Amino acid sequence: MYGPDFAADPSAVYARLRRSGPIAPVELAPGVDAQLVLGFDAALHVLRSPETFSKDPRRWRALNEGIVPADSPVVPMMMHRPNCLFADGEEHRRLREAVSDSLDHVDPAALRGYVEQSADTLIDRFAPTGEADLLGEYAQVLPLLVFNQLFGCPPDLGDKLVEGMSGIFDGVDAEAANALLTQTTAELVALKRRKPGPDVTSWLIAHQAGLNDEEMMHHIVVLMGAGTEPQQNLIANGLRLLLADDRFSGSLSGGSLPVEDALDEVLWMDPPMANYGVHFAVRDTEYAGVPIRAGEPLVVSFAAANTDPSIASDQRAGNRAHLAWSAGPHSCPAQGPARLIAAVAVEKLLDRLPDMELALPVDQLIWRPGPFHRALQSLPVRFPATAVSSADGRPETADAASATAAGAPGVAGAADASSGAPAPITSSAGVSGGGVPAARPSQGAQVPGPRGSGPRRMWSSLRAWWRGGE
């Protein structure tokens with residue numbers, strides 16, 4: 001499940017594995033064996049039976065016995081961390097409550113405003129050029145901006161978090177990436193203990209669950225992992241579907257933007273986290289005649305379960321019974337904000353660039369290898385070059401816009417220029433009332449720096465904007 005053949009056509013692999021039953025043996029990485037849960041009913045059984053299937057990776061027999069090397073590229077995604085994702089029972093309830101309560105402080109209206117503002121700013125960077133890689137220049141960057149805003153993360157630390165999280169998901173020097181994440185999250189927690197603010201990190205620290213520094217660090221890791229990589233894949237996969245599938249693309253120019261329907265389709269057919277939800281049997285057991293050994297990793301294939309022929313249906317629009325958000329006690333606690341961010345990101349782009357089209361045939365798009373995600377390598381598009389607005393409201397030419405982007409000040413109100421801290425996006429539950437305004441940043445703001453080739457370079461070019469035009 002780790003090579004380019006699997007990435008190119010996972011559905012064919014799932015179909016072949018189904019011949020072995022609802023659960024089948026797979027290799028996640030060289031020397032890392034697991035059982036893949038393919039059936040919809042089997043997935044629900046595993047996800048909803050915590051008394052039989054534990055989330056605690058300390059039960060992973062092959063890792064404990066040294067059969068799986070500690071530097072395997074999948075270990076950072078599957079290893080034990082003291083956070084709610086890898087806990088059971090009362091400990092899981094304590095940790096999850098801290099996460100859920102902290103996320104409840106986020107005001108959806110203010111979050112929408114910040115996503116719209118960030119989306120406009122990113123679009124303004126490439127709108128005058130007539131072409132873009134919507135993955136590297138948009139879908140990858142927007143969730144990073146939102147995450148760092150939500151968690152009160154300064155841009156210098158954000159840069160390191162991006163590098164560490166990218167390494168873990170891609171399995172490229174994953175051990176070093178994990179070490180970088182640990183160091184950087186420790187710095188963020190220390191900063192927020194000294195200077196709390198209206199952000200999720202500070203609310204986690206203040207929660208009655210009493211999270212210690214180690215728990216804080218690993219909750220930030222799991223929340224960033226859930227809020228960036230899957231989010232960018234949901235945005236990119238949704239855009240791909242809207243631009244390539246005749247059921248959707250034919251209605252775009254007519255002003256009907258079936259974004260919610262497209263997101264439903266993606267969550268059913270190409271969920272951003274295709275295979276994860278790792279569990280470990282607490283004792284030897286079986287399911288539908290398939291033996292499952294204690295301490296053996298069970299990876300839930302949300303993608304295969306959603307496309308199980310036994311539940312096949314063409315009625316996916318508005319149908320939210322998929323498993324893309326998992327199920328049971330470990331279902332995603334941030335489904336609402338995640339869907340809001342993706343929907344606003346897609347709607348804003350289609351509104352600004354309605355004549356956008358793929359720059360190459362859809363079957364030539366390349367998917368990134370990896371056992372866990374369903375992720376495009378790039379999403380190149382072209383469109384009529386579009387002028388953006390200058391500070392005085394007059395249209396700019398593409399050349400003028402590019403010149404402005406090379407040295408204009410940052411977005412007014414997007415950050416506190418004196419401190420470099422993101423502006424709050426909360427106003428509910430008696431917390432800060434200072435939401436980010438929903439005004440388009442194209443009215444007098446361009447992101448400084450040249451167009452980048454990936455999220456890290458793009459992130460560096462956004463620092464001055466975030467800090468208020470340093």
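Which strands does helix α2 (residues 10-17) lie across, and at about what angle does it run to β1?

## The model and its overall make-up

The structure is a predicted model, in which local features need pLDDT of at least 70 and side-chain atom pairs count only at pLDDT 80 or more, while totals for chains, interfaces and linings use all residues. Residues are numbered from 1 along each chain as its sequence is written, and side-chain values use heavy atoms, with hydrogens and water left out.

The protein chain holds 20 helices and twelve strands, where helices (H or I, at least four residues) and strands (E, at least two) are DSSP runs numbered from the N terminus. Of its 470 residues, 57% count as buried, a word that here means under 20% relative accessible area, with exposed meaning over 50% and partly exposed in between, for a 1.4 Å probe and protein chains only. The accessible surface comes to about 18300 Å², of which 51% belongs to carbon and sulfur atoms; such areas come from the Shrake-Rupley method with a 1.4 Å probe, and for residues only the protein chains shown count as cover.

## The five-stranded sheet

Strands of a sheet pair through backbone hydrogen bonds, either parallel or antiparallel. In this report two strands pair if DSSP finds at least two bridges between them. Five strands form an open sheet in the order β1-β2-β8-β5-β3, with mixed pairing. At its edges stand β1 (23-29) and β3, each with a single partner strand, so one side of each is left without a neighbour in the sheet.

Strand β5 (residues 275-281) has seven of its seven residues buried, so it is largely enclosed by the rest of the structure. Two bridges join β5 to strand β3 (residues 53-54), and these strands run antiparallel: Ser54 has Phe280 as its bridge partner in β5, and Phe53 has Ala281. Four bridges join β5 to strand β8 (residues 297-301), again in the antiparallel sense, and the partner of His279 in β8 is Leu298.

## Helices on the sheet

The opening question can now be answered: helix α2 lies across β1, β2 (32-37), β5 and β8, and runs at about 140° to β1. Helix α3 (residues 40-47) packs on the sheet, touching β1, β2, β3, β5 and β8, and its direction makes about 130° with that of β8. Contact means heavy atoms within 4.5 Å, while axes are lines fitted to C-alpha atoms, for helices over the stretch in contact, and angles run from 0 to 180 degrees between N-to-C directions.

Helix α3 is mostly covered, with six of its eight residues buried; these are Phe40, Ala42, Ala43, Leu44, Val46 and Leu47.

Three strands form an open sheet in the order β4-β10-β9, with antiparallel pairing. Its edge strands are β4 (131-133) and β9 (357-358), each of which pairs on one side only. Two bridges link β9 with strand β10 (residues 380-382), and Leu358 stands opposite Val381 in β10.

The axes of helix α13 (residues 213-227) and helix α14 (residues 229-244) come within 3 Å and cross at roughly 5°. The two helices are therefore roughly parallel to each other, a description used for angles under 35 degrees. Their contact is made by Met224, Gly225, Ala226 and Gly227 of α13 together with Glu229, Pro230 and Gln231 of α14.

How values were computed:
Angles under 35 degrees count as roughly parallel, over 145 as roughly antiparallel, 65 to 115 as roughly perpendicular and the rest as oblique.
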